[in-house]
Amino acid sequence: PVKCRSGLITYSYYNLADTKIAKADLPLEIENEYTNYSCGGKLLEYKTKDGVYVSQIWGYNGAFVIAELHGIKYSEINAQILANLITAANKTDSTYNENTIRNLVNQLRTAHPNAKIKSYTFNPLVGMTSMTDVNGRDEFYEYDNFNRLYRIKDHNSLILKEYNYNYKN
């Protein structure tokens with residue numbers, strides 16, 4: 001078990017250490033090795049079977065992954081940008097701003113040019129509002145008045161997909 005201290009309370013919990021897969025009748029082979037968790041049990045880092053480290057940054061008070069960095073250990077992420085990004089994503093009042101989150105992720109890209117970074121923003125009670133792939137291409141997600149996915153647009157505001165909902169009698 002992992003022990004984590006928060007204030008006067010010490011928590012113990014079990015975390016997944018690795019996953020293995022079988023190919024035909026060969027012995028099990030490690031697919032991913034899970035190397036770092038937060039005190040709340042959120043996966044912060046894992047290593048793929050190819051030895052590539054993948055770090056995950058959690059925001060929205062631990063509800064969603066806001067960035068996934070391929071090729072860098074969690075401990076190597078720029079600490080100041082990391083703290084600012086988590087703080088910006090955890091805001092729940094009128095100071096919350098998706099562009100601030102996107103700008104901080106761009107700072108991460110600049111600070112870690114060899115990492116492949118995928119990022120996400122969310123409207124927590126609705127869904128994902130944007131996704132930026134490792135090449136810096138954006139997709140934006142729009143929702144209708146009933147919070148159903150309505151439209152997906154690319155970085156040029158061109159519609160990639162549109163969903164129409166009908167009532168059935």
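Does Ser119 count as buried or exposed, and at what relative accessibility? At 7% relative accessibility Ser119 counts as buried, where buried means under 20% relative accessible area, exposed means over 50%, and partly exposed covers what lies in between, with a 1.4 Å probe and protein chains only. The place of Ser119 is in strand β8, and, leaving aside residues up to four places away in sequence, Ser119 touches Ile66, Ala67, Val105, Arg109, Ser130, Met131 and Thr132, a contact being heavy atoms within 4.5 Å.

The model is predicted, with local features needing pLDDT of at least 70 and side-chain atom pairs counting only at pLDDT 80 or more, whereas totals for chains, interfaces and linings use all residues. Residues are numbered from 1 along each chain as its sequence is written, and side-chain values use heavy atoms, with hydrogens and water left out.

The secondary structure of the protein chain comes to 2 helices and 12 strands, these being DSSP runs numbered from the N terminus, with helices of type H or I and at least four residues, and strands of type E and at least two. Along the sequence the elements follow the pattern β-β-β-β-β-β-β-α-α-β-β-β-β-β. The C-alpha atoms fill a box of roughly 50 × 50 × 40 Å, taken along the principal axes. Of the 169 residues, 34% count as buried, and among contacts between residues at least 6 apart in sequence, 23% join residues at least 24 apart. The accessible surface of the chain comes to about 10,900 Å², of which 50% belongs to carbon and sulfur atoms; accessible areas come from the Shrake-Rupley method with a 1.4 Å probe, and for residues only the protein chains shown count as cover.

The interior can be described through its nonpolar cores, a nonpolar core being a set of buried Ala, Val, Leu, Ile, Met, Phe, Trp, Tyr and Cys residues joined through side-chain atoms within 4.5 Å. The largest has 27 residues, and those with the most contacts inside it are Ile57, Leu69, Ile77, Leu85 and Leu108. At least two residues of this core are supplied by each of β6 (53-59), β7 (64-70), α1 (79-89), α2 (98-111) and β8 (116-123), and α1 gives the most, with 5 residues. A second, separate core of 5 residues includes Tyr34, Tyr37, Tyr46 and Val54. Returning to Ile77, its contacts, not counting residues up to four places away in sequence, are with Ser55, Ile57, Leu69, Ile72, Leu82, Leu108 and His112.

Glu68 in β7 stands opposite Gln56, and in β8 the bridge partner of Glu68 is Lys118. β7 itself is mostly covered, with 5 of its 7 residues buried.

β6 and β7 form a hairpin with 4 residues between them, and Tyr60 in the turn has a positive phi of about 55°. Asn61, placed in the loop between β6 and β7, has a phi near 55°, a positive value in a residue other than glycine. Asn61 is exposed, with a relative accessible area of 56%. A positive phi, near 65°, is also found at Ser157, a residue other than glycine, which lies in the loop between β11 (149-154) and β12 (159-162) and counts as exposed at 52% relative accessibility.

Two further residues relate sequence separation to spatial distance. Asn15, in the loop between β2 (9-13) and β3 (18-21), is partly exposed, with a relative accessible area of 24%; Asn15 and Leu43 are 28 residues apart in sequence and 8.8 Å apart in space, C-alpha to C-alpha. Tyr167, found in the segment after β12, is exposed, with a relative accessible area of 72%, and the C-alpha atoms of Tyr167 and Asn114, 53 residues apart along the chain, are separated by 49 Å.

Definitions and conventions: Pairing = 2+ DSSP bridges.
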